[in-house]
Structures are given as structure tokens and as C-alpha cells.
Amino acid sequence: MKQPLPKSQRFAAGMNMLAPDYAMPDGSVRDATNIDVTNEGVLRTRNGHAVSPRVAGTNCHSLFATPNLMLHADGSQLKRTVGPLTDVVASIQPSQPICYGRLPDGSIAWSDGGSIGKVSQLGASIPLSLASPGSPAIAAASNGLQREGRYLVAVTWVAFSGEESPPSLPVAINLQDGQGIQLSGIPASAPTGAIGLRVYCSHTNEAVLFEAAFVGVGTTSLRIDSPPSGRALETLFEANFPACTSLAFAVGRLLGARGNLFVWSEAFRPGVYRPAKNFIQFPAPVTLIAPTQDGVYVGTESEVVFLPGFDFGNQAYRPVTPYGAYAGTLVDMPHTLQMGWASPQGFVIADNSGAV
């Protein structure tokens, strides 16, 4: 005679980790790994759980994901996953945490504290901006049209898109009437993406530099025989954005933490900043950068403050908590404008206006 199938057990009481093993309530289960209990008390595999790993590695950490790509560190490699494919996009410091910041063009800025770059869906990691060129060697040349006096010369790399690198440090030279300026030692090889070099020169005994010439990649020498007539150099004393331990993007600026410094890029130019002014120094290492619609939370190992608005260097900050924030714990609250982070006193929930 065929035996009836045993009745399936129900677990309407869910998971119970408090009751002793000999006194488990009916309908409960001691442990459930990647399992959900439905309203009917049936165990079901949790959505998103897979038996085999999506991407395998030996020392994986620092995960970042968007709907289009995923980044993670594996040992000394930064890897990108798009669809079924995973490739290596950059070399990184082994075992160092990676921080990320999403840029307006869809690329992801990353840094391991020693290097910094950006990654898109296509191609390897590239610098945030063109590197600043070295200063050329200059000398006085005969048969020119310059007047007697002191001149300054600087150069920049230029990309096909029109992007311009931070300039080299200006080099000074004194000329006599009827002389020109001979440039030599211009780099023959350019950084990736550069199509040429823009040369800037000042007028006699002035500090503002103006465009004097543009030369293609491979040109190693040039003469400036007459006063410049091009546009002014507006990026003097800018530098490439430094490697950081925290990154974020807000109101057109890339924000970063470098030791005790909170730094920010020039507006709409996330690859460059002004080292002499685009920073605030804190008494302890910066561990948290959390932008909101009304300002930015900046946390250190000993306190958290709120910078209202986005004119960072010209506004006083407001103390928020007298204890710090743990690095790498920032989260957004789903379906709200709130965020949170872990601290020595527990988990902190913050709103847009600087209240926690």
C-alpha cells in the first residue's frame, strides 16, 4: 500500500536564537542562512543569494557598484565587472582600503591613499586630469621684438576635448631690447589624451601670463619673439587633485580627505585644486565626508562638524558631535534624505541641515 507523503513542517515562528536547544518553541528554527521565512511559515531561499560567487578572488574588499558596473579590490589589483566580464583596470597598494566618488560623466573616481584615478565602463583607469608638465628651459635669443625687462613663461598640456592641465611653475628671464625667448627641453612625449602644449608668457615686467603659442606633441623647442596676444592663463598655481582616503562629489566639486586635511577641487574641474587655499585643516585625521543638499558633514577621529553651504573656505563650521566617526561606515537611508555612520557612541542618523 502506498504510504502518504509526510506533511511538510512549517516555521511560522521564524528564527529563534534565544531559547535553549531543548526548549525550542514549535514552528521555530535555530538558524537560517540566506533563508527567508514567508508569512505562511515556509522557508524560501533569499533573493540575490547564489551558491557560487559572482566574482572570485583571493583578497577581495572595497566594493562599489552602480547599475552599470562594479569595482572591487583584489590584492594589488583594482577590478571592474561589467555584465559577465571582469578585468583589471589599475594597480593598487595591497590590502589598502579604496574610496570612491561618482563623477557627473558617469565615471568613478577612486583612490587608495597613494594613487588616484577614474574608471568608466570602457578602458583602464586614467588620471583625473592631465598631469602638469615640467618647466621648460629658457634663454635669451637675439633678433627678437621684446622690450627690456623681466618675463615669465609657463606651459600646459591640452587635450582634444579642450581640457587644460595645471600649468608648470613659471620661469623668469630678463631680456634686453630687441631680444626674444628661446624655449628648449619641451617634453617630446605627452600624457595620455594630450594633443599639444600651450605656451604662456607675460608682458614686460608683469605677473599675468597670456597665450603666446600652441605646439603639437613632439615639438621640443620654440621661440617667442613678440609680446603675447592670446587669452590669459587663469589656472596659475593649480595642481592635480591629490590621492585621498575618502572621496565624495557635491555641487560640481570633488571632495577628499588627506590626513588631517579636508580638500576640494575647483568648481566643475574635479581633477585639479588650489593647494594654497582649497583645504581646511582639522586637529585629527578626517574619516568621514558626507555631502547633503545644505552642506557637508566632515568627521574626524575625535569630532563631527557640519559645513553649511558650499563656500567651504569662507564659512565657519558648526560642531555636530563631540565624538568622531568610523571610516568606511557612511550609508544612505533608503527612501529618505537622511544618512548615517558608525561612531564610538553608536550609530548616528543625520539630516540635510546638520542635525543628528
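Figure 1. The model is predicted: local features need pLDDT of at least 70 and side-chain atom pairs count only at pLDDT 80 or more, whereas totals for chains, interfaces and linings use all residues. Residues are numbered from 1 along each chain as its sequence is written, and side-chain values use heavy atoms, with hydrogens and water left out. Glu164 and Arg198 form a salt bridge whose closest N and O atoms are 3.5 Å apart (a salt bridge is a side-chain nitrogen of Lys or Arg within 4 Å of a carboxyl oxygen of Asp or Glu). Arg198 belongs to strand β16 (residues 194-202) and Glu164 to the loop between β13 (149-159) and β14 (171-175), so the pair ties together parts that are 34 residues apart in sequence. Strands are DSSP runs of E with at least two residues, helices are runs of H or I with at least four, and both are numbered from the N terminus. Arg198, like Glu164, is buried.

**Figure 2. The salt bridge between Glu164 and Arg231.** The side chains of Glu164 and Arg231 form a salt bridge at 2.8 Å, N to O. Arg231 sits in the loop between β18 (222-224) and β19 (239-240), and Glu164 in the loop between β13 and β14, so this pair ties together parts that are 67 residues apart in sequence. Arg231 is partly exposed, at 40% relative accessibility. A network of salt bridges links Glu164, Arg198, Glu211 and Arg231. In the whole structure, the search finds nine salt bridges.

**Figure 3. The salt bridge between Arg223 and Asp225.** The closest N and O atoms of Arg223 and Asp225 are 2.6 Å apart in this salt bridge. Arg223 is partly exposed at 33% relative accessibility, and Asp225 is partly exposed at 27%.

**Figure 4. Surroundings of Thr300.** Thr300 is part of strand β26 (residues 295-300). With 0% relative accessibility, Thr300 counts as buried. Neighbours within four places in sequence aside, Thr300 is in contact with Phe282, Ala284, Pro285, Val286, Thr287, Gly324 and Ala325 (contact means heavy atoms within 4.5 Å).

Figure 5. Ser62 is not a glycine, yet its phi is positive, near 55°. Ser62 lies in strand β5 (residues 60-65) and is buried, with a relative accessible area of 18%. Phe268 is likewise not a glycine and has a positive phi of about 60°. Phe268 is in the loop between β22 (261-264) and β23 (272-273) and is exposed, with a relative accessible area of 70%.

**Figure 6. The whole chain, for orientation.** The protein chain has zero helices and 31 strands. Its C-alpha atoms fill a box of roughly 115 × 50 × 30 Å along the principal axes. Of the 356 residues in the protein chain, 41% are buried. Among contacts with a separation of 6 or more, 48% come from residues 24 or more positions apart.

Note on methods:
Buried means under 20% relative accessible area, exposed over 50%, partly exposed in between (1.4 Å probe, protein chains only).
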